[in-house]
Amino acid sequence: MSGEKEIKVGLLGLGTVGTGVAKLIEGHQEDLIKQTGNRITIKKILVQDKDKKREISIDKQLVTDDPWEVLKDSEIDVIIEVMGNIHPTYEYLMFALEKGKHVVTANKDLMALHGAELLAMASEHHCDLYYEASVAGGIPIIRALVEGFASDRITKVVGIVNGTTNYILSKMSEEGLPFDEVLVKAQELGYAEADPTSDVEGYDAARKMAILSNLAFHMDVNVHDVEVKGITKVTEEDIRFGKQLGYEIKLLGIAKQNDNLLEVSIQPTMVNKHHPLAKVSGVYNAIYVYGEAVGETMFYGPGAGQLPTATAVVSDLVTVIKQMNLGVNGRGVVAPYRPKQLKSDDLITSRYFIRLRVLDQIGVLAKITQHMAEHMISLQEILQLPDTEEQKAQLILITHETSKAQLNKFLALMEKLEIIDQISSVFPVEEGEIA
């Protein structure tokens with residue numbers, strides 16, 4: 001195997017994922033040569049602390065704390081970025097692409113905010129830019145959207161794209177525990193960060209949905225276009241009442257396109273217990289893609305972790321090298337080409353789960369249903385149960401499809417009614433039908 005052309009890689013970052021990448025490139029060298037026809041060598045690695053003890057043995061000559069020692073090295077063909085952050089990472093990758101280096105990144109934050117500019121730079125300089133690992137870890141969802149659905153028209157993408165929140169909601173459902181208690185357990189197990197805000201408030205998932213929406217609908221969708229609601233207000237009561245009506249609560253990313261108008265959201269959602277997404281538990285991710293031709297497809301697997309994420313990175317690297325050998329780099333880069341048009345609230349429709357605490361009096365339900373009719377909201381199901389507080393009752397309503405605008409008007413009225421003690425929770429309902 002001495003005649004193979006050597007491909008030299010610059011690795012930006014040697015944390016959890018970077019270490020996994022180094023392990024795979026070193027440990028799978030024979031397989032990589034068979035797949036690409038090339039020997040792959042990591043020539044330089046950017047780290048913050050050159051003297052830090054690491055779980056793998058790295059030649060000290062490869063390690064540097066100077067980014068330009070990596071980026072300006074003319075022998076390096078491909079930059080792999082696993083250092084995270086927006087700046088200066090954005091500037092580093094723009095420089096690398098401008099200099100004709102191909103880029104593989106796992107940086108969801110960067111791609112959600114600046115993906116369009118990076119893709120445009122890659123296209124201009126005939127470079128590859130791949131980022132499979134930025135969404136759903138080892139699940140090849142990005143390659144599926146770009147290549148597998150190339151001849152289809154996607155109408156909807158819905159899924160669980162954050163393992164931390166799925167673990168928390170799963171444990172709350174399975175063991176009847178409160179959010180705060182499960183969060184502590186998730187932190188002890190390493191599933192949640194010391195500061196879990198990005199996960200539990202939905203920001204991490206929102207970035208991933210921006211990336212998926214961009215690819216699925218060919219629009220320049222960024223994280224600011226995503227409606228975001230996290231799981232911190234989900235209670236044991238919400239989960240229990242949802243189960244009584246046949247639903248599990250999941251933090252779902254939902255992106256839908258109708259008549260070239262787009263909606264994208266991340267929010268706790270009641271999922272029909274018979275839907276496959278309702279059965280996804282623990283730290284796993286799952287993404288449903290609806291195509292006009294293919295119908296429904298589901299992608300399931302580990303959404304994070306050193307080796308699943310590193311596998312996605314190295315798979316992108318293999319694709320880059322194969323395209324180098326064919327001389328077709330940069331041709332697969334497709335920047336958004338459709339104008340972005342977001343739906344207004346009167347065009348965003350869903351079924352809703354509404355939980356109210358009401359006065360336990362005769363005529364309360366009649367008044368509520370009358371107001372719903374006045375707002376053109378019809379009911380599919382009602383559940384009334386006694387409340388722990390005396391002379392109060394829990395009223396759970398499942399609506400038929402209604403607009404977000406109509407729902408908000410109805411809820412604003414409920415806030416003013418004396419018969420309503422509290423609007424406890426409102427969640428969209430996902431049955432699984434093609435929208």
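## Rings, charges and a helix crossing

This predicted model holds 6 aromatic pairs. Let's work through a few of its features.

### Exercise 1

**Solution.** Centres within 6.5 Å make a pair and planes over 60 degrees apart count as edge-to-face, so that is the label here. Next, find the two residues on the chain.

### Exercise 2

Find the ring in helix α4 that pairs with Trp-68 across 27 residues, then name the cluster.

**Solution.** The partner is Phe-95 of helix α4, while Trp-68 lies in helix α3. This pair is edge-to-face too, at 5.0 Å centre to centre and 80 degrees between the planes.

### Exercise 3

**Solution.** The cut-off for buried is under 20% relative accessible area, and exposed means over 50%. Tyr-92 comes in at 12%, so call it buried. Phe-95 has 18% relative accessibility, so Phe-95 is buried as well. Trp-68, with 35%, is partly exposed.

### Exercise 4

Which rings have the charged end of Lys-156 or Arg-240 over them?

**Solution.** Take the lysine first. The charged end of Lys-156 sits over the ring of Tyr-290, 5.2 Å from the ring centre. Now the arginine: Arg-240 lies over the face of Phe-241, with 5.1 Å to the centre of that ring.

### Exercise 5

Describe how helices α2 and α12 cross, and what makes up their contact.

**Solution.** First, the axes: α2 (residues 29-36) and α12 (residues 306-326) come within 10 Å and cross at roughly 35 degrees. The crossing is right-handed. Then list the residues. From α2 you have Leu-32, Gln-35 and Thr-36, and from α12 there are Val-314, Val-318, Ile-321, Lys-322 and Asn-325. Finally, sort them by class: the contact has 4 nonpolar, 3 polar and 1 charged residues.

Technical notes. Residues numbered from 1 in each chain as written. Predicted model: local features only at pLDDT ≥ 70, side-chain atom pairs only at ≥ 80, totals over all residues. Heavy atoms only, no water. Phe/Tyr/Trp six-rings, centres within 6.5 Å; stacked < 30°, edge-to-face > 60°. Buried < 20%, exposed > 50% of the residue type's maximum accessible area, 1.4 Å probe, protein only. Helix = DSSP H or I, 4+ residues; strand = E, 2+ residues; numbered from the N terminus. Lys NZ or Arg CZ within 6 Å of the ring centre and 35° of its normal. Axes fitted to C-alpha atoms, helices over the stretch in contact; angles between N-to-C directions. Left-handed = near helix turned anticlockwise from the far one by under 90°. Contact = heavy atoms within 4.5 Å. Nonpolar A, V, L, I, M, F, W, Y, C, P; charged D, E, K, R; others polar.
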